[in-house]
Amino acid sequence: MIQLKLFLPIALLILGVACKSSQKERENENIPVGKLKLMQRVDTTYMTIDLAKAISCDYGEVVDSVRYVQLGDEQGVMGVPKRVIGYNNKFYIQEEKFDRVFILDESGKCINKITNKGRGPKEYLSISNIDINKVTDELVIVDGLSNRLFLYDLAGNFKKVQKIAGQTDMSLWLKDSTYIHLMAAFQNGHTSELKGYGLLVTKGSELFSKGYRYLPVQKGYCGNDDIFSVDNGVCYRPLFSDSVYRIFSDTTYGLEFHVKMGNSVWEKYQKSSKFVDLSSGDRGNKLFPWIFETKTHILGYCDYEKKDGYMTVYIHDKNNNRTYLTYKPRYQAMKTLDQFWGYDMFGTYEEWFITVTGYSEFDSANILERVNNGSLTINNPELEKIIKNITVDSNPVLVLTKYKINYGI
């Protein structure tokens, strides 16, 4: 009897280990490439953003208007945002490390929160990114660890899970059931045909095509390239590249715009056939992957003419083909404050660019102390109300900025 009692737990343990091992092997199987198509580049008209001819100015000079949205705590305290999507009068905010998504209305009231982290059938392991399917009006949560898409309605109610072929750092909806997936150079599903390719395209659970090849060939993990959504599709920019490509269809892409800059790291290495480490602190000028676009403007970051240790923000007015290299305001030197713009961009909403700010940003700019001791005057009633009521426990504030179309003309 004692032997039987010992045997049963051991047998169950062995069976459990075998099942986990089998599952792990299935997860690490080669990707079934089959007749995988290569995306073809097509000739397109494109714009050139020439930073050598850009107009240097203070950031505030090109700002047309600003809105502030204090995020409510109806669903609890929010951590640091990682991604913000504005769509259909709502904001969808992905947190940095807590794997939650907050859904808020235009006034900032939190109407729902998605916290389905776990190992159950409707649960994700982690959130790589979020997106919106604008045909089905579905919120898409991308789980890069389990290679699955979790689909919700726009109110945050769970609908279904969709398996995707291959590992992904980020996935964006392209059209219908087609998604673009960003992969690091070494994430090829143990399939030699995928080695060195930055993009995969899937239809439903079917692997359909492979996309733009990493150039120059990268040494080690350099997952700093980017895909981003625009009004009529998805754009892709390889690591430190001077060019942004538009994904036109399942199988075609073309050059969208080119950023011309002197002493470019990309220009130095793009014809190299050897492995190079683009993250090794090269002294050349770099374009950083974060690029945001509305119908009227393009905004990106670079270290071209870097000032005061900050990345330079370049803003391109598409209507007038004018580019501005902007410098961050010195809030510490101001005696009156009309606007506070925040720092890094997180997303777009219609014609607005979205930054996120909060107590720590106001405090680090020495605004709160100076307002309290009377050395700094706030002339904007909306901003004054936020600064007066914000505390260390307050949720973040969205700063929506619209840029001038005809500045300097």
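## Salt bridge between aspartate 99 and lysine 117

In this predicted model, the side chains of aspartate 99 and lysine 117 form a salt bridge with an N to O distance of 2.8 Å. A salt bridge here is a side-chain nitrogen of Lys or Arg within 4 Å of a carboxyl oxygen of Asp or Glu. The two residues belong to distant parts of the chain, 18 residues apart: aspartate 99 sits in the loop between β7 and β8, and lysine 117 in the loop between β9 and β10. Strands and helices are DSSP runs numbered from the N terminus, with at least two residues (E) for a strand and at least four (H or I) for a helix.

Aspartate 99 is buried, at 10% relative accessible area, whereas lysine 117 is partly exposed, at 46%. Buried stands for under 20% relative accessible area, exposed for over 50%, and partly exposed for values in between (1.4 Å probe, protein chains only).

## Basis of the model and the values

Residues are numbered from 1 along each chain as its sequence is written, and side-chain values use heavy atoms, with hydrogens and water left out. Because the model is predicted, local features need pLDDT of at least 70 and side-chain atom pairs count only at pLDDT 80 or more, while totals for chains, interfaces and linings use all residues.

## Other salt bridges

Side chains of opposite charge can pair when their charged atoms come close. The structure has 8 salt bridges by the rule used here. One of them joins arginine 100 to glutamate 95, at 2.7 Å from N to O. Arginine 100 is buried at 19% relative accessible area, and glutamate 95 is buried at 2%.

Another salt bridge links lysine 159 and glutamate 138, with N and O 2.8 Å apart. Lysine 159 is in strand β13 and glutamate 138 in strand β11 (residues 138-143), so this pair ties together parts that are 21 residues apart in sequence. Lysine 159 is partly exposed at 44% relative accessibility, while glutamate 138 is buried at 6%.

Strand β7 (residues 90-95) runs antiparallel to β8 and is joined to it by 5 bridges. Two strands count as paired if DSSP finds at least two bridges between them. Tyrosine 92 has isoleucine 103 in β8 as its bridge partner. The hairpin of β7 and β8 has 5 residues between the strands, and in it aspartate 99 takes a positive phi near 55°.

On β8, 4 of the 5 residues (101-105) are buried, and the strand is mostly covered. β8 is also antiparallel to strand β9 (residues 110-114), with 4 bridges between them. Phenylalanine 102 faces lysine 113 in β9.

Strands of a sheet pair through backbone hydrogen bonds, either parallel or antiparallel. Here 4 strands make an open sheet, ordered β10-β11-β12-β13, with antiparallel pairing. The edge strands are β10 (129-133) and β13 (158-163); each has a single partner strand, so one side of each lacks a neighbour in the sheet. Direction ignored, neighbouring strands of this sheet are turned by 25° against each other on average; the axes are lines fitted to C-alpha atoms.

Between strand β12 (residues 148-153) and β13 there are 5 bridges, and the two run antiparallel. Leucine 151 stands opposite lysine 160 in β13.

## Asparagine 88

Asparagine 88 is placed in the loop between β6 (81-87) and β7. At 43% relative accessibility, asparagine 88 is partly exposed. Asparagine 88 and glutamate 106 are 18 residues apart in sequence, and their C-alpha atoms are 9.1 Å apart. Beyond its neighbours within four places in sequence, asparagine 88 contacts Asp137 and Leu154, where contact means heavy atoms within 4.5 Å.

## Nonpolar cores

The largest nonpolar core has 32 residues, of which Leu299, Phe362, Ile367 and Tyr403 touch the most other members. Such a core is a set of buried Ala, Val, Leu, Ile, Met, Phe, Trp, Tyr and Cys residues joined through side-chain atoms within 4.5 Å. Elements that each supply at least two residues of this core include β5 (63-70), β23 (297-307), α4 (367-372) and β30 (397-403).

Neighbours within four places in sequence aside, tyrosine 403 is in contact with residues including Tyr59, Val62, His297, Leu299 and Phe353. A second, separate core of 17 residues has Ile49, Leu287, Ile291 and Cys302 among its members.

Terms used: Axes fitted to C-alpha atoms, helices over the stretch in contact; angles between N-to-C directions.
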